[in-house]
Amino acid sequence: MRRVVAAEYLSMDGVMEEPSWTGPFFNDEIGKYQRDQLFKSDALLLGRVTYEGFAASWPSMEEVEGDFAVRMNTLPKYVATTTQRELEWNASPIEGDVPAAVRTLKQEPGQDILIYGSGELVRTLTEHNLIDEYRLMVHPVIVGAGKRLFEGVHDAPALKLADTVTFSSGVVSLVYEPAR
């Protein structure tokens, strides 16, 4: 059974939107951490907005980002969307009942299914208890305004802390799993 892993950049006040504020904190340690989680996955699960942003940028990044960009570009992508039927960038739409489709994907053999960003999708899957691991990279910055990851979530499972990783730039990765 595959696991769904949500990998999120957050400010200290829980903002996830437009994470341009993460740049000053990125270093080689975080790069390795991100590379390791990407290469432990064999599919991406994205919301439409995140998909559109990634599809517009990643295909042209292979010369700069090397094997990380190659991996991003070649992994199959599943996109939760109600508006797009024709997708590029090795992507397939998930239409209709997204939680049911994700349950089916989890039953297939393979590695982790990785979610980047995609706040609305993460909130939906959280309420259906379909996320197996949350990797929350908390950055030492207060943004003040913006979309928050769990804004509006009402039926979230109880979580337990599974791991912490502290980076020299001040970023802390908090890894949570459902306390089943």
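**Exercise 1. Aromatic pairs**

How many aromatic pairs does the count come to?

Solution. The model is predicted, so local features need pLDDT of at least 70 and side-chain atom pairs count only at pLDDT 80 or more, whereas totals for chains, interfaces and linings use all residues. Residues are numbered from 1 along each chain as its sequence is written, and side-chain values use heavy atoms, with hydrogens and water left out.

Step 1. Rings of Phe, Tyr and Trp (its six-membered ring) pair if their centres lie within 6.5 Å; planes under 30 degrees apart are stacked, over 60 edge-to-face, and the rest tilted. The count by this rule is five aromatic pairs.

Step 2. One of them joins Trp58 and Phe68: the ring centres are 5.5 Å apart and the planes stand at 45 degrees, so this pair is tilted. Trp58 lies in the loop between helix 2 (48-57) and helix 3 (62-65), and Phe68 in helix 4 (residues 67-74), 10 residues apart. Helices here are DSSP runs of H or I with at least four residues, strands are E runs of at least two, and both are numbered from the N terminus.

Step 3. Burial is assigned by relative accessible area (buried under 20%, exposed over 50%, partly exposed in between; 1.4 Å probe, protein chains only). Trp58, at 12%, is buried, and Phe68, at 15%, is buried as well.

Step 4. For Tyr134 and Phe150, the ring centres are 5.8 Å apart and the planes are at 65 degrees, so the pair is edge-to-face. Tyr134 belongs to strand 6 (residues 133-139), while Phe150 is in the loop between strand 6 and strand 7 (159-166). Tyr134 is buried at 2% relative accessibility, but Phe150 is partly exposed at 34%.

**Exercise 2. The largest nonpolar core**

Which residues touch the most other members of the largest nonpolar core?

Solution. Step 1. A nonpolar core is a set of buried Ala, Val, Leu, Ile, Met, Phe, Trp, Tyr and Cys residues joined through side-chain atoms within 4.5 Å. The largest such core has 22 residues, and Leu45 and Leu125 touch the most other members.

Step 1. Elements giving two or more residues to this core include strand 1 (4-11), strand 2 (41-47), helix 5 (98-107) and helix 6 (119-127). Contact means heavy atoms within 4.5 Å; leaving aside residues up to four places away in sequence, the contacts of Leu45 include Val4, Tyr78, Val102, Ile113 and Leu125.

Step 2. A second, separate core of 17 residues includes Leu38, Leu46, Ala91 and Tyr116.

Step 3. Helix 6 has buried residues, among them Leu121, Val122 and Leu125. The buried residues of helix 6 pack against strand 1, strand 2, strand 3, helix 5, strand 5 and strand 6.

**Exercise 3. The sheet**

In what order do the eight strands form the open sheet?

Solution. Step 1. Two strands pair if DSSP finds at least two bridges between them. The order is 4-3-2-5-1-6-8-7, with mixed pairing.

Step 1. Strand 4 (91-94) and strand 7 stand at the edges with a single partner strand each, so one side of each has no neighbour in the sheet.

Step 2. Strand 1 and strand 5 run parallel and are joined by four bridges. Ala7 stands opposite Tyr116 in strand 5.

Step 3. Helix 5 packs on the sheet, touching strand 1, strand 2, strand 3, strand 4 and strand 5.

Note on methods
Axes fitted to C-alpha atoms, helices over the stretch in contact; angles between N-to-C directions.
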